[in-house]
Amino acid sequence: MTGPAILLLLAGLGAIAWVSARARALRLQTAARATGRRDAVHSLPGYHGWYVALWTLIPAAIFLAVWANVAPGLVTQSVLADPAAQSLPLDGFSRSAILGEARAIANGDQAGAFNPLSQGLVEPYAHALNKYGVAGAVLALVLAFAGGAYAFTRVRPDFRARTRVERLVMASLLIASLIAIVTTVGIVASLLWESFRFFSMVNPIDFLFGTKWSPQSAAMGYGNDDAFGAVPLFWGTIFIGAIIAMIVAIPLGLMSAIYLTQYASPTVRKWMKPTLEMLAGVPTVVYGYFAALTIAPALRDFAVAIGIHGASSESALAAGLVMGVMIIPFVSSMADDSIAAVPQSMRDGSLAMGATTSETIRKVLIPAALPGVVGGVLLAVSRAIGETMIVVMAAGLAANLTVNPFASVTTVTTQIVQLLTGDQEFDSAKTLAAFALGLVLFIVTLLLNIVALRVVKKYREAYE
């Protein structure tokens, strides 16, 4: 019996359990009210239905999750015990390849065998898969019936089904929260451990303050000295994400927010604001193609036309300009919300004192909304320095320490992608450098987010 069929059958049993328990609870509660025992009724019939349905589904679901991990080992043991498996080679890799091919044919994922030994194991594999598949399905159904029957016997007017169901829901919400927390802790722990391994091979001072980045030379056996200086990567990240992109995003985002909140009519705002925010939904790879195929060649031709020789078709300026356009919605949305939150009475008071609309915006609205604007800018910077695809496709991979916007540079995220692409040895400094770069990037973005939240929280004015 296939997995989807078992799940569909269990879902049907759960629905039957819900309907039956609800009907039984409704009948018993009606009888209790008819005899004058209104105080004996505790939970609505629907809660009794959910209680029985959950007891029907959860034990079976837990068993199936465990069985999905146990059954493959049992199937393999059964196949290896078959006489046809006696001719398998002793080499572990070859044996695994033959068994995997036989399993694929038995499951219908592969039409024929490349190894004759695999074909002889197809029948034992099919028999074992069918046997343990049926066994798992039967045990799951038995658990579902047992759990449902146990819960069904507890359905009575005074049973606190609502309390039990709500406790289960609260436990599920707690588990979901803990999963997010544990995942974050696991990510940080992984970064710290792998970074510790890297810094045991490379001096942290050389990594943080060195100006030569050439991990490939270290991988070729030339040593780790002067090969992992990450300053060019840090500068490239700042140059593209925090300087060029912000020069584009801050003025355009702030001015668009001012126009939409102060000058645009309700009809224009209704259409322009969602259109502007659509930029945030465009995949970054699309921005990367646009930067690499349209913006970068145009900037190279422009640089040559004004006499800048050696301009690259992969430049920091191309990546920064497109990245700035990408993060305009972040700045605009935060600025829009902050300006809109300023009380109308402050604007009306400024206009009543004789100030023009532009003076009111410059001297009243912007200062009052500045904390939110600053917070939005910092969040946009943290988003920009973590961008990868645009930089990979438009800025290049050269670790140059330069202020020339028409030159090729690279960033931290780009190097992480390059270091972890393909088959890598995770005991070499070249590969472990990606984790050290990830740790630095994680710390910087975390600090930017903390500062942004503190700025917004500390300097936000509470308007009545």
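What percentage of the 464 residues in the chain is buried?

1. Buried residues make up 38% of the 464; buried means under 20% relative accessible area, exposed over 50%, and partly exposed in between (1.4 Å probe, protein chains only). The model is predicted, with local features needing pLDDT of at least 70 and side-chain atom pairs counting only at pLDDT 80 or more, while totals for chains, interfaces and linings use all residues. Residues are numbered from 1 along each chain as its sequence is written, and side-chain values use heavy atoms, leaving out hydrogens and water.

2. The chain has 18 helices and zero strands (DSSP runs numbered from the N terminus: helices are H or I with at least four residues, strands E with at least two).

3. The whole structure holds 13 aromatic pairs (rings of Phe, Tyr and Trp, the last by its six-membered ring, with centres within 6.5 Å; planes under 30 degrees apart are stacked, over 60 edge-to-face, the rest tilted). Trp 55 and Tyr 150 make an edge-to-face pair, 5.0 Å centre to centre with 65 degrees between the planes. Because Trp 55 lies in helix H2 and Tyr 150 in helix H5 (residues 122-153), this pair ties together parts 95 residues apart in sequence. Trp 55 is partly exposed at 34% relative accessibility, and Tyr 150 is partly exposed at 40%.

4. Phe 207 and Phe 234 have ring centres 6.3 Å apart and planes at 85 degrees, so this pair is edge-to-face. Phe 207 is in helix H7 (residues 204-209) and Phe 234 in helix H9 (residues 231-263). Phe 207 is buried at 0% relative accessible area, and Phe 234 is buried at 18%. Both belong to one aromatic cluster, whose members include Trp 213 and Phe 228.
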